[in-house]
Amino acid sequence: MSEVLQTTTVTASDAHLLAQTVIAVREAASALRERFGDVVPYRTREELMSALAGNDDTALDILRPALTRLRPDAGWVEDELDGGALPPGEWWVVDPAEGNVNHLHALPEWAVTATLVRENRPVLTVVHVPLTGETYTALAGGGAHLDGRPLRVSPTTDLGLGLVATSQARPDEDEQVVRRVGSSITAMLFDALVVRTAVPATLHLLNVAAGRIDAFWQFAGARADLLPGALLVTEAGGSISDAEGRPWTPRSESFLAAAPGVHAQAVSTLSL
């Protein structure tokens, strides 16, 4: 198991805190749902960034005060694109519009996420997908659930029969990372049954936790992209590492989440 996802101290009130976080995330997602519809036009990078910020602000106006009331002393990660370790203590890691570009293009793959991190280990996470009405939750040591039903990763043991997924490199990503993404997709096209490539990462990881997808990998990536799904997959019985099979932390340069039966095979494929 990943160093960052080993058992942490979960208080008796964390289950109640999870339930209250669900309420806040669903409310924020509902506000974003009201903004969803036609494709939002933009002609410049500045117009794109303004539209993205409008969605973020709509959700954050609900999430920030609600989550701050729940944990007044917890820090707040301001930039959902940040990576690396957090300072000591509790932190809210939030992606107010995960898959924001999809939202602007009237595509259905977007969500709202909130994860509480304690001493650099995720304690609880909530992901709500408004267009399906699904709410995914995980509590460290308490399992992963979809609308209250337990989640379990796939029993697949043959990567050649597996459905795998990755996210594309982010805009303005380092050229070396972009080339590594391309090479990894080519390798998986040879070794897996089907390869899916899309954003956002969180929705792929939901599918790994639910047993619909057998493995997901990504190079680079941000805390807000990976922490929610990492906790969900771990609590659903999945394996988490970097692409070389080493323990994953937010400092890692790659990420792999897989059903245990195909994890080693995926590492072999990705170790380019």
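**Entry 1: the parallel strands.** I started with T166, whose bridge partner in β9 is T197. This is a predicted model, so I keep that in mind throughout. T166 belongs to a parallel pairing: β8 (residues 163–166) and β9 (residues 194–197) are joined over 4 bridges. I then followed the chain from β8 to β9 and found that it passes through helix α4 (residues 175–191). That β-α-β crossover is right-handed.

Next I checked what else β8 pairs with. It runs parallel to β10 as well, with 3 bridges between them. On that side, V164 has A215 of β10 as its bridge partner.

**Entry 2: the open sheet.** In what order do the 7 strands of the open sheet come? I read it as β1-β2-β3-β4-β5-β6-β7, with mixed pairing. The edges are β1 (75–76) and β7 (149–150), each of which pairs on one side only.

I zoomed in on β3 (residues 111–118) and β4 (residues 121–129), which pair in the antiparallel sense over 7 bridges.

Helix α1 (residues 14–34) packs on it and touches β2 (90–98), β3, β4 and β5 (134–139). The direction of α1 makes about 35 degrees with that of β4. Helix α2 (residues 45–70) lies across β1, β2 and β3, and runs at about 155 degrees to β2.

**Entry 3: aromatic pairs.** How many aromatic pairs does a search of the whole structure find? I got 3.

I took F36 and W110 to begin with. Their ring centres are 5.5 Å apart and the planes sit at 40 degrees, so I logged the pair as tilted. F36 is in the loop between α1 and α2, while W110 is in the loop between α3 (100–104) and β3, so this pair links parts of the chain 74 residues apart. Buried or exposed, I wondered about F36? The cut-off for buried is under 20% relative accessible area, and F36 comes in at 18%, so it counts as buried. W110 is buried too, with a relative accessible area of 1%.

I moved on to F216 and F255. Here the centres are 6.3 Å apart and the planes are at 55 degrees, so this pair is also tilted. F216 lies in β10 (residues 215–219) and F255 in β12 (residues 254–258), so the pair ties together parts 39 residues apart in sequence. Both residues are buried, and together with W248 they form one aromatic cluster.

**Entry 4: the nonpolar cores.** F216 and F255 came up again when I listed the largest nonpolar core, which has 36 residues. They are among the members that touch the most others, alongside Y136, L151, L232 and V233. I checked where the core residues come from: at least two each are supplied by β2, β3, β4, β5, β6 (143–146), α5 (201–209), α6 (223–235) and β12. Helix α6 gives the most, with 7 residues.

I looked up Y136 on its own, skipping neighbours within four places in sequence. Its contacts include V127, V129, L146, L151, L206 and L232, as well as H145 and R212.

Terms used: Residues numbered from 1 in each chain as written. Predicted model: local features only at pLDDT ≥ 70, side-chain atom pairs only at ≥ 80, totals over all residues. Heavy atoms only, no water. Pairing = 2+ DSSP bridges. Contact = heavy atoms within 4.5 Å. Axes fitted to C-alpha atoms, helices over the stretch in contact; angles between N-to-C directions. Phe/Tyr/Trp six-rings, centres within 6.5 Å; stacked < 30°, edge-to-face > 60°. Buried < 20%, exposed > 50% of the residue type's maximum accessible area, 1.4 Å probe, protein only. Right-handed = clockwise from strand over helix to strand, strands pointing away. Core = buried A, V, L, I, M, F, W, Y, C linked by side-chain atoms within 4.5 Å.
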